[in-house]
Amino acid sequence: MRGTRRLRAWLLALVLVSVLAVPGSPGAQAASEFGPRAAYFPETGFWVSDPFLRFWEQNGGLPTFGYPISRVFYQDGLLRQYFERAVFERHDHLAGSGYEVLVTRLGALTTLDRRDEPPFQPVNAANDHHCRVFPATGHRLCGGFRIYWETRGGLAAFGYPISEEFIENGRTVQYFERARFEWHPENPWPHDVLLGHLGRQALAARPVPPLAVTPEGPGGPGAPIGPQPLYNHPVGCAFNVFWWGDEPNHVTNETYLDLVRDAGCDWVRVQGQWGLMEPEPGYYIFHPLDRFVDAARERGLHVLVTVNAPPAWALDIPPGTPANPVSFGRFMEVLVAHFRGRVDAWQIWNEPNIAPEAGGLIRPAGYLELLREGSQAVRRQDPDALVVLAGMAPSSLREPNVIWDDLAYTEELLALNGGEAGRYIDVIGIHAYGAGNPPDNYWPGNPANTPAWNNAPEFYFRRAEALHTAVVNAGLGHLPIWITEFGWGTATDWPSWGFGNWVSEEDQARYLVRAYEIARTEWPWVERMFIWNLNFGAFNGDGHPFTAYALLYPDGTPRPAYEAIKAMPKE
């Protein structure tokens, strides 16, 4: 978190959907008395309501998507409904734009590990006048598959082709971002092209709430099912700790490390500021961090060091690159070699989606250069240490000279150069804050009833789910996620942090414990969570926003949140 973060509330228009005609779909039974248009499918026992019903009807209906096989339920930060051949997603904040309903990219997700196979390789077909060519993916669309794609929903329903036609299990198929087309010559036209049952496959591949797949019956559609506990896995407890670099305060550092250990947490995250450790080229000052790291290890704590804050002499770079990549790589070689075996993980930079951390202009390609150099240095000098991707500042703004949408930034970064960033990281770092909103609320499906800072996704802890989805879509779902900053601040005098005015100290304690519970029971992809922060008040006293997040008072005594974390089950 940085004091320069701009939190801005966006006022979004409310779109009212009118109740119109009842559907005439095969197998469907109308139920206009249930408010929004809805249709019951006795074949599977589920209802489909607007806006999903409208999308289902307008883009091919039963032959394209099949029957509904679930209720509407919350998954990965969205309200979804599964069909035999697809999964529909609600994007309520886009109502009226034509993108209120999207189809999950099942075709892309189910073939992530097949991208090296010949059918998935782009082809040079610029002169193929018999087919439609898609430069975005380098694939063609021909014959019956082309006719089906163009007449049954096209890009909105199926996405771009991501393979050529090929034989799979004895049948001609072609994969699209959101579907698999199958050629069935034994069927009469127009049923000779069918979609594969990717929806059924996806539903069988992961746990879902039992109620979500329990048939509803003809009595009427049920309300969407909210988040449900599905797992029980350990999530590591950790703290962001502020520390002093001078010898006289060494005992003070040890006191705070004792409090981390006494709380039952076993990791600390600290910032290692490059500018302080190499104030002049080739002149290194490591002994302050030495003392801190050694004291942490003496207490059985693991250490994550986030390296950022470059010296002025390393800023001889164009805007959009956080620092000179070559100079950064040289520094990391020396730093990591010095701490080999003592620092468990290195995080390459902090929040590069805000201008002060990005070199003045926010540009994912600039951060990728830094990540490449830093990661290679870590792997050469300490192969046992982990490399952690920088966490981004939560935002949905897109102002390249101020701050950039963390989700969009992550998606672009992970897509650069064919997914190059994925080769340099062992752990995905993300930041997830809740502003003044409880951790169980989410945007836009279940917004909080708070006075402000509640009408955009970055104001909600569950923004983490969308970031995880971006990681999965990039083919990196196998990597663990560490939430390297999260928390709730209480009241402060800073107007731009006014959301803390409706978070009491008791709320802060409850929200933190509940956040860990959500991760343990709903997010199997989260491995560790670092609370922001333990002890900033000791540095700055009362009044600063960072102090409002601290779990200790400025005099070092525990706030209720510290006691709650200490009492929280750690397994």
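Guide: Let's start with a rule: two cysteine sulfur atoms count as a disulfide if they lie within 2.5 Å of each other. Keep in mind that the model you see above is a predicted one.

Visitor: What makes Cys131 and Cys142 a disulfide?

Guide: Their sulfur atoms are 1.9 Å apart. The cut-off is 2.5 Å, so the pair passes. The link of Cys131 and Cys142 is right-handed, with 110 degrees about the S-S bond. It ties together distant parts of the chain: Cys131 sits in the loop between α3 and β8, and Cys142 in the loop between β9 and α4, 11 residues apart. Both cysteines are buried, too.

Visitor: How many disulfides does this rule give?

Guide: Two. The other one joins Cys237 to Cys265, again with an S to S distance of 1.9 Å. Cys237 and Cys265 are both buried. Number the bonded cysteines in sequence order and the pairing reads 1-2, 3-4.

Visitor: Back to α4, then. How do you know on which side of α4 its buried residues lie?

Guide: The buried residues of helix α4, which spans residues 143-151, are Phe145, Tyr148 and Trp149. They cover an arc of only 100 degrees around the axis, so they are on the same side of α4. On the face turned away from that side you find Ile147 and Thr151, which are exposed. After the helix comes Gly153, with a positive phi near 130 degrees.

Visitor: Why is β15 called largely enclosed?

Guide: Count its residues: five of the seven in β15 are buried, so the rest of the structure largely encloses the strand.

Visitor: And what makes β14 and β15 a pair of strands?

Guide: Three bridges join them, and they run parallel. Pairing needs at least two bridges, so β14 and β15 qualify. As an example, Asn240 has Arg269 in β15 as its bridge partner. Between the two strands the chain passes through α7, and this β-α-β crossover is right-handed.

Visitor: Which strand pairs with β15 over seven bridges?

Guide: That's β16, residues 302-308, and the pairing is parallel. With at least two bridges required, seven is enough, so this counts as a pair as well. Here Gln273 has Asn308 in β16 as its bridge partner.

Visitor: How do you know whether Ser327 is buried or exposed?

Guide: Ser327 lies in helix α10, residues 325-338. Its relative accessible area is 14%. Buried means under 20%, so Ser327 counts as buried. Leaving aside neighbours within four places in sequence, Ser327 is in contact with Trp274 and Trp313.

Visitor: What about Trp349 and Ala435, are they buried or exposed?

Guide: Trp349 has a relative accessible area of 0%, which is under 20%, so it is buried. Ala435 comes out at 5%, again under 20%, so Ala435 is buried too. Now look at their backbones. Trp349 has a positive phi near 80 degrees, and it isn't a glycine. Ala435 isn't a glycine either, yet its phi is positive, about 50 degrees. You'll find Trp349 in the loop between β17 and α11, and Ala435 in the loop between β21 and α14.

Visitor: Which residues touch the most other members of the largest nonpolar core?

Guide: Phe239, Met332 and Trp346 do, in a core of 93 residues. Helix α15, residues 505-522, gives this core its largest share, seven residues. To picture Trp346, look for some of the residues it touches, including Leu304, Val307, Met332, Phe339 and Val388. Apart from this core lies another one, of 31 residues, among them Leu62, Phe134, Ala179 and Tyr442.

Definitions and conventions: Residues numbered from 1 in each chain as written. Predicted model: local features only at pLDDT ≥ 70, side-chain atom pairs only at ≥ 80, totals over all residues. Heavy atoms only, no water. Buried < 20%, exposed > 50% of the residue type's maximum accessible area, 1.4 Å probe, protein only. Helix = DSSP H or I, 4+ residues; strand = E, 2+ residues; numbered from the N terminus. Arc of directions from axis to C-beta. Right-handed = clockwise from strand over helix to strand, strands pointing away. Contact = heavy atoms within 4.5 Å. Core = buried A, V, L, I, M, F, W, Y, C linked by side-chain atoms within 4.5 Å.
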